[in-house]
Amino acid sequence: MERQIDFWRERQMLCGRCDHRWRVDLDWIDRWEQATETCPGCGMTCEHEDSPRVTVDSGDPALDDDRVAQFSWYHTSTQPDWPTRDFDPAAVLAPEARRRMGGEQRVSAWAARQRAKALHVGTHEAAVHNMLRRIRDQSDQRSQFYLYRVRLKPSVVVREGWLVDPSNFVGDVGLDEVCPPGVDVARYLNYHEDSGGLSLALGRDAIASVQRIAVPLPDTWDGGWVRDAVAALEGVSGTAVPAAGKLARFTRPPSSRADLGREVGASLAGKLPVNLQDQFASAAAFVEGEDSAQWARRTSGLFNLIDDPTRVLAALDQHDPREV
């Protein structure tokens, strides 16, 4: 069962001081984060510890325990076989890294902790947002990403209620911390991707099957936009523009083409919901020496993941589920 995909939808706010609840659009949240909006109930701004925050929408259908396993859930990863069977996080460690970690016994203990982490799935919006965030924050701009549509086992036991996002500063959650014995899935309020939406922390055994596509999709770019962008980039010089200021001698000056590429990407980002614009602009950054046509096609394809999600769902429908 698919839920309506809406990257622009309104969110529900809850004030920690006066308990006032109200609905806002994403532009209001952006202004509030800049301390130019206040709680309608008590006038508090975002600068206070108990200031208003996005909260779960009381009408979210995923609050119904019986419907959690009926919905499609989503995940983005650079792993082509997520969730990996017989996952061994220590397999990629070189001998020197193993020695620095303190030897094989400590490596084994570390690997066991990694395997004990919860997996995360969420809304389609959260999965796309997560990919853009990773590209910006984890230098994954040139990595191949995969979008997974996840089906849960009908028999899963859902933890009662929902949790505030339990992730630590690197996004990890211990499975046993949120799913005690007898519980397979825990809902939590996602603050970081698709803020206000419900995501799930769960173990591999809660997943029945996945469908996978590589993103951005091939041949889904806007041909007119791509032609215009390539023509603009090819029409300017690749000569470096000297940097100015005291730190100029420590930085490599960008070229006119790279500057224009960033401007073109940022212009496209401006058409997206405000909570995705910074991440998209980073993901769309043009790198000096990059092929202009490849960059334009990829950037337009990323944009269409948000602007036209129906094409993504149709592509997923063409792939048989893989049992987990």
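**Briefing: strands, cores and aromatic pairs in a predicted model**

Strands β1 and β2 form a hairpin with 6 residues between them, and Asp-19 in the turn has a positive phi of about 65°. The model is predicted: local features need pLDDT of at least 70, side-chain atom pairs count only at pLDDT 80 or more, and totals for chains, interfaces and linings use all residues. Residues are numbered from 1 along each chain as its sequence is written, and side-chain values use heavy atoms, with hydrogens and water left out. Helices (H or I, at least four residues) and strands (E, at least two) are DSSP runs, numbered from the N terminus.

**Confidence**

- The protein chain averages a pLDDT of 89, and 90% of the residues score at least 70; pLDDT is the predictor's confidence in each residue, from 0 to 100.
- Mean confidence in the protein chain is lowest in helix α3 (residues 104-115), at 70, and highest in β6, at 98.
- Where pLDDT is low, the predicted coordinates should not be read in detail.

**Strand pairing**

- Strand β1 (residues 11-14) pairs with strand β2 (residues 21-24) in the antiparallel sense over 4 bridges; two strands pair if DSSP finds at least two bridges between them.
- Leu-14 stands opposite Arg-21 in β2, and in β3 the bridge partner of Leu-14 is Arg-53.
- β1 and β3 run antiparallel and are joined by 3 bridges.
- Strand β10 (residues 207-215) runs antiparallel to strand β6 (residues 145-152), with 8 bridges, and Ile-207 in β10 is the bridge partner of Leu-152.
- β10 is also joined by 2 bridges to the antiparallel strand β11 (residues 322-323), where Arg-322 stands opposite Val-210.

**Nonpolar cores**

- A nonpolar core is a set of buried Ala, Val, Leu, Ile, Met, Phe, Trp, Tyr and Cys residues joined through side-chain atoms within 4.5 Å; buried means under 20% relative accessible area, exposed over 50%, partly exposed in between (1.4 Å probe, protein chains only).
- The largest nonpolar core has 38 residues, of which Met-131, Leu-147, Ile-213, Trp-225, Phe-280 and Trp-295 touch the most other members.
- Elements that each supply at least two residues of this core include α4 (124-137), β6, β10 and α6 (223-234), while α9 gives the most, with 6 residues.
- A second, separate core of 23 residues includes Ala-62, Val-150, Val-185 and Leu-202.

**One face of helix α8**

- Leu-276, Gln-279, Phe-280 and Ala-283 are buried in α8.
- Seen down the axis of α8, its buried residues fall within an arc of 105°, so they line one face of the helix; the arc is that of the directions from the helix axis to the C-beta atoms.
- The cover over the buried residues of α8 includes α4, α7 and α9, contact meaning heavy atoms within 4.5 Å.

**Aromatic pairs**

- The whole structure holds 6 aromatic pairs; rings of Phe, Tyr and Trp (its six-membered ring) pair if their centres lie within 6.5 Å, and planes under 30 degrees apart count as stacked, over 60 as edge-to-face and the rest as tilted.
- The ring centres of Trp-82 and Tyr-148 are 5.4 Å apart with planes at 55°, so this pair is tilted.
- Trp-82 lies in the loop between β4 (73-77) and α2 (95-100) and Tyr-148 in strand β6, 66 residues apart; both are buried.
- Phe-286 and Trp-295 form an edge-to-face pair, because their ring centres are 5.5 Å apart and their planes at 85°.
- Phe-286 counts as buried at 2% relative accessibility, and Trp-295 is buried with a relative accessible area of 2%.
- Ring pairs link Trp-22, Trp-28 and Trp-32 into a cluster.
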